[in-house]
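The sequence and the structure come first.

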Amino acid sequence: MAIFEWISFVAVVFILPPLVLGVLCKTKARLQNRIGASIFQPYFDLYKLFSKGETVSEVTSWIFRNAAAINFAVVIVVALLVPWLTFKPAFVGADLILVIYMFALTRFFTVLAALDAGSAFSGFGASREVTMAMLVEPAVIFCFASLACVARTSDLSVIFSCDNFSLSHNNALWLMAGLGLFLSSLVELSRMPVDDPTTHLELTMVHEAMILENSGPNLALVLFTHYLKMCILWGIAAQCFLRSISYFWTVGPLIQGALSLGALFCMGVIVAIIEGTLVKLRWTKLPQFIAFAVAMGLFCVLIAVMRG
Amino acid sequence: MAVSADIFLDLVSIVSLPVILAIFSYVNPIIAFTRKITAAAYWVEALIIGCIFWPILMGQTQGLVINENFRIDRLAVCFLLLTAFVFAAALTHADFLFGQEETDEHGTLKSVRLKTFYLCINLFFLSMCSIFVSNNLGCLWMSIEATTLSSAPLVYFERTKNALEATWKYLIVCSVGIALALLGTVFIFAASQHGHLEQGTLIITDLISQADKLDYPLMRFGFILCLLGYGTKAGIFPLHSWLPDAHSEAPAPASAILSGALLNGALFGIWRITQIIMGSHFHNQIMQILLGMGAITVLAAALFLIRQHGFKRMWAYSSIENVGIMLVAIGLGSAALFFLQAINHSIVKVALFLLSGNIVHAGGSKKLYNLHGILKSCPAWGCLLTLGLFAITGAPPFGTFLSKISILAVLADRGSWILIGILLFATSLAFMSLSVHVGRVLFGGAKTDFQAFKVFQTSVVPIILLCCSVILGLVIFPSYWSFIK
Amino acid sequence: MILDTFSILAISSAVLAILMLGTMYLRANLNFYALHTLAIAMETAWMAQKIHDEHLYWVAFFIALLKVVIIPRYLAWVIRNIDVESDSGSFIPAPVAMLTGIGMLGASYLLSVQLSSLWGDIDSRIGAMAAMSVFFTGVLLMLSRKIAIGQIIGFLVLENGIYLFALTQTHGMPLIIEMGLLLEVLVVVMIFGLVVFRIKKSFEHIDVSRLTNLRE
């Protein structure tokens, strides 16, 4: 059984992320009355990039070459630690602080690599990325910490384990935590109200600006890491939403697994709808948007405190 | 409770007149006719009210119960009469003033504005009346809110930017204040539910008779919130910000009505709540709050009076000062003192606002430094203004002297010397600053030629009102002392 | 904490009111206001069903009609006509106001615990908490908005807080009073709307913090 879990999980880690993005792009295209590319298009893009050659600026140091690989490795570990799907092989010590700091580590290397290349736009993007990360950090910590506070443990796999019934009737807390994590994931992943992922205007780009200098397999690795991170963050938000529905607690593991996969794709569709309807916020208006994520986090804290 | 046919007819005769006038003034295209008929109708209205409620006024009958939500007692009749009188006086003057404005060069009055004015005046009168006859805290609240809404168009009469600003402030500040009073009313209702009553009630007479059974902490909350809420409407010190703006920007008759009737209405709301508190054992602390707020308001108004630039603003602050004194009277728990101060203040203040309206209109400016030499250019107005000044500050032959000295006497009886000190200091300060400001307006070289103005017509109403004040001061004086004791 | 429908409705009205603080876009504010009032209307209906009081059904219906449909539509119409989209915000920026609002929610909770002797059961305690929170949110809204429409919305939320308090603590006031209040609110908003039109016409803006001619 454990072997089966391992195989399915590893397969999901490597196969799922581009597919979620594909679904997202397809939905978005249909919303805009376009046929759109096939949902498997991200795979073809990755394959194309892997088979290309790579151009590296002469002035860059080892950081630029290795940042993508480091990030990839870190995110793979995070994917193993964080319970973003229910059928995840058991891992000990998935401490929430550790997870948050590992995400911070990837951001650190991304920013360093961006600065390393010395391009003006990369510096731009790096500065924005760090500012947003700083603003959104409290939201993530509040959401996780209030869950941890109610569950009396900081181990994410225990908090999210389905036999942990101390949390099973806290629909409001789960809902708020889900909303908070989802809103902050939009910021962390540079999705629509914060940054337009399809833009080609360097002045407004955040994440895309940082990876302007990457090319070939290096870019492919960066992109895949980004997709995986996307899946993890949306997956964890989807898990929170699922747990706010009482029905979810009563069904068996197989249905739970199917539901969480479905929820992940649902998140993709929801994000596509958001991106289809909202406009990108001006940079100065961003704190107002992020404040909503923080507010959700604070609501979680209030609920957790009032319960005790 | 069934309303007997007799009472019903009485009520119809009182209510019908303003209602008919309201409709008539909006439909009638000839404004001059509306002006005259409205003025006449309000004298008739005052007469009708006086005749119908004469037994209650003389204390021959206890009060008149209309239904469970409306009830008329002696104080209510007094205030109804006073309000009708103030409206009648102000509207009579308005007839002359608007007639004047139509003929002279400023005459840009649109008929729509006057139509709205007369429509709202009548609605305003109706809502004022319903304040005094409400026997239900909810109805009381609604009536006071209705006075705000119906009087806002009066403030906006001039259609200038300043008038608009004053209207906005008046609406927003009073609405928020009144919302606090609503919260207070909810608290009082909760107090009646949580206390030892059979069921919750908002009927004022029931609350008064069972005041001891109310839940005290909730009742106290409710009282303080109501005091703040209705106090905003009455212009109690920290919440007075709308009052000088609205009074100075409204046309003279409207300012006179705001000052002479509206403030009384708001204070009447506070009085009703105080009556409930007075029925319980715990009223001492609450009465101290009222006395303190009153004294602070008087003091603050006197300090504001020192530095004034607007002619009508000055009288508005003087109104705040008098509101403070009325609040002290309420704090003493004496309906008689409250009404005495209210009637004296209303009569004199109406006269002063009407007179200042003339002067501002003739002088073409509301600023104190643009107005001087009234005594030379128009001796009649100058003399009246001087008399009015003495009357409002409480100089002896006038009624205000009587009311202020009575309040001080009762305070002295209780031995609250600090309050007496504050009140004396503040009233003398107000007297000095008002004298200085009015002195500047009176003396000096004549700047404007007032020949175009019909001096006699526009002085009639102030003369009558000041005479009333003197009569109040001289006639009631001996018999009054027995009434208070 | 296992919440029943009553508490969930009360708290969600408080949360929706707080979210109004976070955005300066008037349209979004009006939508949140409609949702927030809908929660209050449903709370009224729930209360009617709980204490078997028929008149509260009527109150719920009229709240839904007036405050959820008519008033937001009217204000949206005003906004469209005077051509404003968002508030520029006063000395309290929107994010700070929203976080303060959440702080106020916590403070209301503490207050309601302090006063628990007054409201016996848990339902009325949570109701009191939500009502106080909505009330404070209304005050914050009025403080953090600069233009006239924002102030009106703040006033409406404040009014809702008072109503929610009356509903949860006294189980509804007499019918005539409730109806009077609703009518009064409607008239107030209509007059406010008209005044806003006038302000726009005379001053060519509706920023009430710039109306300072009369200040001494």
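## Burial and overall form of chain B

Of the 485 residues of chain B, 59% count as buried, a residue being buried if 20 or more other C-beta atoms, placed from the backbone, lie within 10 Å of its own, exposed if 12 or fewer, and partly exposed in between. This is a predicted model, in which local features need pLDDT of at least 70 and side-chain atom pairs count only at pLDDT 80 or more, while totals for chains, interfaces and linings use all residues. Residues are numbered from 1 along each chain as its sequence is written, and chains are lettered from A and ligands numbered from 1 in the order in which they are written.

Along the principal axes, the C-alpha atoms of chain B fill a box of roughly 70 × 55 × 45 Å.

Chain B has 19 helices and two strands. Helices (H or I, at least four residues) and strands (E, at least two) are DSSP runs, numbered from the N terminus. Among contacts in chain B between residues at least 6 apart in sequence, 79% join residues at least 24 apart; a contact requires C-beta atoms, placed from the backbone, within 7 Å.

## Helices H11 and H13 of chain B

Helix H11 (residues 252-278) of chain B packs against helix H13 (residues 311-331) of chain B at an angle of about 20 degrees, with the axes 11 Å apart. H11(B) is therefore roughly parallel to H13(B), since angles under 35 degrees count as roughly parallel, over 145 as roughly antiparallel, 65 to 115 as roughly perpendicular and the rest as oblique.

Residues of H11(B) in this contact include Leu263(B), Leu267(B) and Trp271(B), and those of H13(B) include Lys312(B), Val323(B) and Met326(B). The contact residues divide into seven nonpolar, four polar and one charged. Ala, Val, Leu, Ile, Met, Phe, Trp, Tyr, Cys and Pro count as nonpolar, Asp, Glu, Lys and Arg as charged, and the others, Gly among them, as polar.

## Contacts between chains

Chain C and chain B each give 28 residues to their contact. The largest share of the chain C side, 12 residues, comes from H7(C). By class, that side has 19 nonpolar, six polar and three charged residues.

The contact of chain A with chain C takes 13 residues from chain A and 15 residues from chain C. Helix H11 (residues 286-307) of chain A supplies the largest share of the chain A side, 11 residues.

Technical notes. Two residues are in contact if their C-beta atoms, placed from the backbone, lie within 7 Å. Axes are lines fitted to C-alpha atoms, for helices over the stretch in contact, and angles run from 0 to 180 degrees between N-to-C directions.
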